Amino acid sequence: MALLLAGLYFLWIDRQKEYQSELGEISGYLDDLLQKKDISYYSVQNDTLTSKIFSQIQRVQKMYGGITALVESERDGIKKLLAEIAHQLRTPLSNMETYLTLLEDNRIEESEKETYIKAVEKSENKLHFLIEKFIVAARLENQIIQIHKCDSNLKETVAQAVFQVRKKAEEKNINIIVQGEDVDKKVIHDRNWLCEAIYNLLDNSIKYSPVSTDIVVTLISNEMFSEIRIEDSGTGIEKGEENKIFQLYYRGKNVSNEEGYGIGLFITREIVQKHDGFMKVKRKDSGLIMSIILPKAGT
């Protein structure tokens, strides 16, 4: 009996030492995890508490690594956004500073003063436009803006967007034609945000189209999708740029000399994706066909 008790005692002592050693090893791994060091695991075959703890540490490390990568990606995105904002705002701010300095000169003539004032107003409008677009793009990219969809008349949404660009179109004598047999069909969408997306496409078409041309807006409907197709006779894009033009700040090679910021199409795609839809681009010999495709309810 005494030998049995002694054997059990020594077995308990060995197990305690082994247990203390395992706890020390786990503590070391946790320290490595806190110090962001890579952790090497040995394989634990038995289904013991120790093996479960090792498995949990490994899962925590993977999760922590994923969160760290996400934070770093968001940080890099914010740095890029701030750098781009600074770059885009520098020109209008510099122009305003120059013209305001010229306006301080009492010797300038009245006609020159009017020219400088108009230049300041133009720069101010550009600043306002950029800031508004930067805010919208940042909110969409970071999932801050929510889309509130309801059953609305798609023709009325398109008409609202066309009305907003009417003045710009008239200045270039561009005719916007809206057509489509199913234009009165109702589609689940957020009218304000989808109108913003259509406006961006129309604004691009007007900007890059020659004077006295047509922009054709066609509404198409089938059992699964509703499509808003916008066709122009403008500058178009080069082969291979079909997906690139939706990237934030990207500008097509054919329009690099034109005024623009590469924000509008990014915002448009984000809005359409929040409607569970997608964009389609088709090149032409002269111009471009861009489509917003939205799913029907229940598809």
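Trainee: What share of the 299 residues in the protein is buried, and what makes a residue buried?

Mentor: In this predicted model, buried residues account for 36% of the 299 residues. A residue is called buried under 20% relative accessible area, exposed over 50%, and partly exposed in between (1.4 Å probe, protein chains only). Residues are numbered from 1 along each chain as its sequence is written, and side-chain values use heavy atoms, with hydrogens and water left out. Because the model is predicted, local features need pLDDT of at least 70 and side-chain atom pairs count only at pLDDT 80 or more, while totals for chains, interfaces and linings use all residues.

Trainee: What makes a set of residues a nonpolar core, and how many residues has the largest one?

Mentor: Such a core consists of buried Ala, Val, Leu, Ile, Met, Phe, Trp, Tyr and Cys residues joined through side-chain atoms within 4.5 Å. The largest has 52 residues, and those with the most contacts inside it are Ile198, Leu202, Met290 and Ile292. Helix α5 (residues 191-208) contributes the largest share of this core, 9 residues. Helices (H or I, at least four residues) and strands (E, at least two) are DSSP runs, numbered from the N terminus.

Trainee: Which residues does Leu202 touch?

Mentor: Leaving aside residues up to four places away in sequence, Leu202 touches Ala161, Val162, Val165, Ile215, Val217 and Ile230. Contact here means heavy atoms within 4.5 Å.

Trainee: Why is the pair of Tyr99 and Tyr116 called tilted?

Mentor: Rings of Phe, Tyr and Trp (its six-membered ring) pair if their centres lie within 6.5 Å; planes under 30 degrees apart count as stacked, over 60 as edge-to-face and the rest as tilted. Tyr99 and Tyr116 are 5.7 Å apart, centre to centre, with 35° between the planes, so the pair is tilted. Tyr99 lies in helix α2 (residues 49-103) and Tyr116 in helix α3 (residues 110-141), so the pair ties together parts 17 residues apart in sequence.

Trainee: How do you know whether Tyr99 and Tyr116 are buried or partly exposed?

Mentor: Tyr99 has a relative accessible area of 26% and is therefore partly exposed, whereas Tyr116, at 15%, counts as buried.

Trainee: What makes the pair of Phe225 and Phe278 edge-to-face?

Mentor: The planes of Phe225 and Phe278 stand at 85°, with 6.0 Å centre to centre, so the pair is edge-to-face. Phe225 belongs to strand β5 (residues 225-231) and Phe278 to strand β6 (residues 278-283), so this pair ties together parts 53 residues apart in sequence. Phe225, at 28% relative accessibility, counts as partly exposed, and Phe278, at 38%, also counts as partly exposed.
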